Amino acid sequence: MTQLLPDRDTVEPGTELAVDIVGLTKAFGGLRAVDDVTIRVPRGRIHGILGPNGAGKTTVLNMVSGFIQADAGRIEVFGADVTRMQPFRIARQGVGRTYQNIRLFPGLTVLETVVAGAYMQRSSTIAGAILFSPGERRERREMRERATELLDKVGVRAGSSALAETLSYGDQRRVEIARALATNPRVLLLDEPTAGMNDAESEEVGRLLLDLRDLGLTLILIEHNMRLVEEFCESVSVMNSGALLAEGAPTWCLEQDDVKEAYFGKRSDAARIATLRRARRGESGT
Amino acid sequence: MSTTAWLTTLQFAGVNALFALAIYASLWTGVLSLAPIFFGAVSAFTFGYLAGVTGLSPVLCLIIGVALGAGLGAVTAGLLVRLESHYLAMATIAMVLIGRVVILNLPEYTGGATGTLVPGDLGTWAWLIGTLVVAGYVMSRLAGSRFGLAADAVREDPAVAQTLAISPRRIQFVGFMLSGALGGAAGVFQASFLQYIGPDTFYTHLGFVSLAAVVLGGAFYWLGPIVGAVVFTILPELLREPMGEYDRVVTGVLLVLIIIYMPRGLVDVRRLRLLKARWWRSRASSPSDDGPEPTDVAGPARAEAAS
């Protein structure tokens, strides 16, 4: 399967896996965007996925949330096979996510955006809404209160009646996180949550990640901010050209020569990386 | 224009508003559909048949028309919602075309090419306004509801909506039923006002006029289609006298201007919200203002009071 690395056993046997990605493969035409990737994330962990642009990180997240169908491999969320599930069913399994290029709903206020995320937390019906039922009105009130709490928790400073799309870049990212949290997820996938934020803001997001982890969430994030990764991620998977390059503790991974080379692009020597990968594969086979 | 002509025009504006609301109901869930015209045709001819042949009361026929429309909406959604957007829109246009053929080929029920007479009992202001008020109330209640926000999400970004555990097909199914019910009601009223319906009463022209009313009035808020229908039924009549035969040119230019400068229509909540935000910001930054940040205090409170 994937390469065995010295620091491989980051998952102790017996721990409950929140997300279990095994041998995931996806090709777009001739390009192997994701090639036999295995990532196992135990419950309650903050796991980072690193790698240069085009490494296939977002494709992995898109397969976990069901936007893209995997060619081969298997994705399990808390033991449930979600590999061929429709995205909304995966979301009902407790997978929430945010996006690399922010995807808020145009025209909705901050509050409405977050309440829209609470769809499955609500039980009111159309008849209830039309008939002005007390239950439906109570639910609306509760949803607004909960959304306000979530916005407070993620640190959105702008007023909740503002249009979400008019907020600052950092606030938009935070609203996206609040919207994902409103679905009451068990696993949160964050695609570059600190892109476009300054150091202080990134630090806040990092602390938010810890808070969420302490509440029992499992977090998988794609992140380019190495300081943040080293400080807040407990384990990372490094990808390059679709394949897994290294996996383990962030500091250890970032010290690996081929990771440095692939990630920071000191010398783009694709052939060497390919040889390495082949060598590793041979190693794991024995 | 004479008073009678005015009244007639306004009545058709009201019926068009119902059709426009029916189109809006599915557009709300991200589906462009002209099927309400077909639903309207079915309910109108059913009304004509039931009232004429079996002597059923028109009020009962209205209820049947609404139920029939909703049922047809459900069937249509079941069959068509799997199609991609453009193909789905084309399929609903095809329904309107097929509807005309069916009407022509069922002369024992529809009167065929000659059409059929229907009682005009419901063709009164009270019924029309009453129905519009009920429809507007239903749409306004749904706007902030669980369904309403899910519909907004599905319209703006179905993929993201799915990651919020919303099933777009389910929401679109409900949208189609709502659309069917409104279309059914509109059909019965159209028939009641005309008192004669034929194969061309519910055809593409009505569909495009209603669709134009939605797009120009505002396709993002329930009030838009109503305003759009009223404005764009009355406007050509208003222009006819001063402009003569050029009224259509003026209407056309006006429509193009609205599309260019108000792409989200006359009723645009988003623009209002943007203007409000700008106003608060300019107040917050003006030196005469002594409060530190009135935006955050008054903004949400006001929105809550309004919702």
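How many bridges join β1(A) to strand β4 (residues 72-77) of chain A, and do they run parallel or antiparallel? Five bridges join them, and the two strands run antiparallel. Strands here are DSSP runs of E with at least two residues, helices are runs of H or I with at least four, and both are numbered from the N terminus; two strands pair if DSSP finds at least two bridges between them.

Before going on, a word on what you're looking at: this is a predicted model, where local features need pLDDT of at least 70, side-chain atom pairs count only at pLDDT 80 or more, and totals for chains, interfaces and linings use all residues. Residues are numbered from 1 along each chain as its sequence is written, chains are lettered from A and ligands numbered from 1 in the order in which they are written, and side-chain values use heavy atoms, with hydrogens and water left out.

Back to the sheet. Strand β1 (residues 17-28) of chain A also pairs with β2(A), antiparallel again, through eight bridges. These two make a hairpin with two residues between them, and G29(A) in the turn has a positive phi of about 65°. I21(A) is a handy landmark: it stands opposite I39(A) in β2(A), and its bridge partner in β4(A) is I75(A). Most residues other than glycine have a negative phi. D36(A), in strand β2 (residues 31-42) of chain A, has a positive phi, near 55°.

Zooming out, chain A has 11 helices and 10 strands. Of its 286 residues, 57% are buried, meaning under 20% relative accessible area, with exposed being over 50% and partly exposed in between (1.4 Å probe, protein chains only).

Now for the salt bridges (a side-chain nitrogen of Lys or Arg within 4 Å of a carboxyl oxygen of Asp or Glu). E204(A) sits in helix α7 (residues 199-214) of chain A and R174(A) in helix α6 (residues 169-182) of chain A, so the pair ties together parts that are 30 residues apart in sequence. R174(A) is buried at 1% relative accessibility, while E204(A), at 29%, is partly exposed. Over in chain B, R155(B) bridges to D152(B), with the closest N and O atoms 3.4 Å apart. Both belong to helix α7 (residues 146-156) of chain B, three residues apart, or about one turn of the helix. R155(B) is buried at 17%, and D152(B) is buried at 10%. As for networks, bridges with shared partners join D171(A), R174(A), E201(A) and E204(A) into one.

Finally, where do the chains meet? The contact (heavy atoms within 4.5 Å) takes 43 residues from chain A and 38 from chain B. The area buried between them is about 3,600 Å², with carbon and sulfur atoms giving 61%; buried area is the accessible area (1.4 Å probe) that two parts lose on being put together, summed over both. On the chain A side, F105(A), Y119(A) and I130(A) lose the most area to chain B, together 19% of what that side buries. Four salt bridges link chain A and chain B, including one from D157(B) to R103(A), whose closest N and O atoms are 3.0 Å apart.
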